[in-house]
Amino acid sequence: MKLERLLAMIYKLLNHEVLSAATLAEEFQVSQRTIYRDIDTISAAGFPVVSHQGQKGGYGMMEGYKLDRSLLGSYDVDNLITVLEGLASVFEDERTQGTIERLRALDPQHANPRLAVDLETRRIAPDALQQLRKAMMDGIVVRFDYVDAHNARTTREIEPAQLLFKFGAWYVQGWCLTREAHREFRLSRMLELTLTGRRFAPGRELPADERLTGERPAAGDGLVAGAGQDELQEVVLLVEPESLSEALDQFQWADKEQHADGSMTLRISVHQPEQARWLHGLLLGLGRGAEVLEPPELRTVLKRQLQHMLARYEEV
């Protein structure tokens with residue numbers, strides 16, 4: 001514990017001009033006498049700690065002193081800080097903040113980063129990620145109700161193993177005690193999430209080369225789990241200029257053909273498009289600014305859904 005405190009103190013002194021003994025004592029929850037001893041230890045180890053007198057006095061590193069950054073290049077350090085800052089904003093993890101402090105000591109120029117990462121959490125309960133992270137770290141079984149792709153609601157208990165951010169959404173993977181198999185769940189569909197208090201022993205390894213769910217294709221392939229290339233069908237979509245930005249956001253992996261009037265033809269490969277409910281929702285969301293040209297079966301499905309929707313508003 002003392003070694004961790006000494007290392008953390010070194011990095012804090014590197015990242016701040018002057019820190020008082022009282023500030024350091026409060027930060028590390030020790031007495032000021034302990035801080036004085038730690039400063040002596042750090043100085044004896046060869047770090048040029050300077051004592052500043054006066055009302056705003058305290059301790060800092062000699063001006064111009066920097067850690068050896070030869071093990072990591074500036075590009076590596078810059079990217080690591082950026083990714084960790086994105087994680088820290090989501091999980092509010094003090095240990096992650098400590099790592100960022102240490103990396104900033106290697107890269108003091110990170111004040112103007114060239115890359116930013118925003119791991120959005122708007123689609124889930126604000127504390128769901130923190131609860132799942134705590135359950136994974138402490139080995140606690142979690143319970144929740146889950147609404148699957150077919151709108152069936154079931155109660156599940158899992159031993160959470162991994163959090164993933166993909167397809168623009170958060171997922172959790174783990175051992176499902178209800179199904180006695182590895183499963184993956186989208187956090188936006190998890191309801192009444194609670195930590196049961198029951199402990200589990202870590203050690204179940206997730207499948208290394210197996211996709212656990214197939215609710216929606218990855219942004220670059222248009223596939224669902226288990227679909228082979230020979231099972232794909234091409235969907236041809238004509239998009240008018242007023243809906244172009246939204247269509248490109250949703251189908252960025254599509255083959256694109258620009259037309260003189262500003263419209264665009266998009267071609268995407270999808271497994272059984274007439275049954276792909278995720279696709280139907282996206283296409284209908286484009287409104288009158290888009291038209292499915294092929295396949296005809298998908299046009300029929302969308303027409304039927306529109307007729308059902310119109311029937312709900314007949315009296316309006």
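This is a predicted model: local features need pLDDT of at least 70, side-chain atom pairs count only at pLDDT 80 or more; totals for chains, interfaces and linings use all residues.
Leaving aside its neighbours within four places in sequence, which residues is Val292 in contact with?

Residues are numbered from 1 along each chain as its sequence is written, and side-chain values use heavy atoms, with hydrogens and water left out.

The protein chain has nine helices and 11 strands. Here helices are DSSP runs of H or I with at least four residues, strands are runs of E with at least two, and both are numbered from the N terminus. Of the 316 residues in the chain, 39% are buried. Buried means under 20% relative accessible area, exposed means over 50%, and partly exposed is in between (1.4 Å probe, protein chains only).

The accessible surface comes to about 19400 Å², and carbon and sulfur atoms own 48% of it. Those areas come from the Shrake-Rupley method with a 1.4 Å probe, and for residues only the protein chains shown count as cover. Now for contacts, which means heavy atoms within 4.5 Å. Take the contacts with a separation of 6 or more: 58% of them join residues 24 or more positions apart.

## Val292 and its surroundings

Back to the opening question. Leaving aside neighbours within four places in sequence, Val292 touches Val236, Leu237, Leu283, Leu298, Arg299 and Leu302. Val292 sits in strand 11 (residues 290–294), and it is buried, with a relative accessible area of 7%. Leu237 is 55 residues away along the chain, yet the C-alpha atoms of Val292 and Leu237 are separated by 4.6 Å.

The peptide bond from Glu294 to Pro295 is cis, with omega near -5°.

## Helix 8 meets helix 9

How do you describe a pair of packed helices? You give the angle between their axes and the distance between the axes. The axes are lines fitted to C-alpha atoms, for helices over the stretch in contact, and angles run from 0 to 180 degrees between N-to-C directions. For helix 8 (residues 277–285) and helix 9 (residues 296–312), the axes come within 11 Å and cross at roughly 65°. That makes helix 8 roughly perpendicular to helix 9. As for the cut-offs, under 35 degrees is roughly parallel, over 145 roughly antiparallel, 65 to 115 roughly perpendicular, and the rest oblique.

On the helix 8 side, the contact is made by Leu279, His280, Leu283 and Leu284, and on the helix 9 side by Leu298, Val301, Leu302, Gln305, Leu306 and Met309. By class, these residues are eight nonpolar, two polar and no charged. Ala, Val, Leu, Ile, Met, Phe, Trp, Tyr, Cys and Pro count as nonpolar, Asp, Glu, Lys and Arg as charged, and the others, Gly among them, as polar.

Helix 8 has other partners too. Trp278, Leu279, His280, Leu282 and Leu283 are its buried residues, and they pack against strand 8 (232–239), helix 7 (244–250), strand 10 (264–271), strand 11 and helix 9. After helix 8 comes Gly287, with a positive phi near 60°.

## Near the start of the chain

Helix 2 (residues 21–28) and helix 3 (residues 32–44) pack at an angle of about 105°, with their axes 9 Å apart. These two helices are therefore roughly perpendicular to each other. Ala21, Ala22, Leu24 and Ala25 of helix 2 meet Gln32, Ile35 and Tyr36 of helix 3. That contact has six nonpolar residues, one polar and no charged.

Leu19 lies in the loop between helix 1 (2–15) and helix 2. Leu19 is buried, with a relative accessible area of 11%. Beyond its neighbours within four places in sequence, Leu19 is in contact with Lys12, Leu13, Leu24, Gly58 and Tyr59. Leu19 and Gly60 are 41 residues apart in sequence, and their C-alpha atoms are 6.5 Å apart in space.

## Two glutamates with positive phi

Glu180 has a positive phi, near 55°, though it isn't a glycine. Glu180 lies in the loop between strand 5 (169–176) and strand 6 (181–186), and it is exposed, with a relative accessible area of 62%.

Glu192 also has a positive phi, of about 55°. Glu192 is found in strand 7 (residues 190–199). Buried or exposed? Glu192 is exposed, with a relative accessible area of 61%.
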